[in-house]
Amino acid sequence: PTVSYMDPQGTEHVIDAEDGRSVMETAVAHGVPGVVGQCGGSLACASCHVYVREPWIDRLGEVSELEDDMLDGAMAERRPESRLSCQIKMSAELDGLSVEVAPEQL
Ligand code: FES
């Protein structure tokens, strides 16, 4: 499945993700600027903050309580379409997912 990231400089990166890999891990593995993923995906850093573009936000699962707390503490402004990308696993249903990388992560 492909996922596209717009980095904080406005450059679009379209990546063919491995099935089951998170959006954070995919970004880090391909060097997408702006995605840090400091805690390795254990919901302890919020440095994988992204803004999910329409229409994808509604197709993702619910935000867990811990993700919700971590998003409240994220560096960049929290918006309704904010998610932590380590909590989004790529799958065929998410083929074409499009996100914007939050401008500050740490
Ligand atoms: Fe730390 Fe996502 S990588 S919360």
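Strand β1, which covers residues 2–6, pairs with β2 in the antiparallel sense over 5 bridges, where two strands are said to pair if DSSP finds at least two bridges between them, and strands (E, at least two residues) as well as helices (H or I, at least four) are DSSP runs numbered from the N terminus. Within this pairing, the bridge partner of S4 is V14 in β2.

The model is predicted, so that local features need pLDDT of at least 70 and side-chain atom pairs count only at pLDDT 80 or more, while totals for chains, interfaces and linings use all residues. Residues are numbered from 1 along each chain as its sequence is written.

Taken as a whole, the chain holds 2 helices and 5 strands, and from the N terminus on its elements run β-β-α-β-α-β-β. An open sheet of 5 strands, with mixed pairing, has the order β2-β1-β5-β3-β4. Because β2 (12–16) and β4 (82–84) stand at the edges with a single partner strand each, one side of each is left without a neighbour in the sheet.

As for overall dimensions, the C-alpha trace of the chain spans about 30 × 30 × 25 Å along its principal axes. A compact globule of 106 residues would have a radius of gyration near 13 Å, and the 12 Å of the chain agrees with this; the radius is taken over C-alpha atoms, and the globule rule is 2.2 Å times the number of residues to the power 0.38. Among contacts between residues at least 6 apart in sequence, 67% join residues at least 24 apart, a contact being two residues whose C-beta atoms, placed from the backbone, lie within 7 Å.
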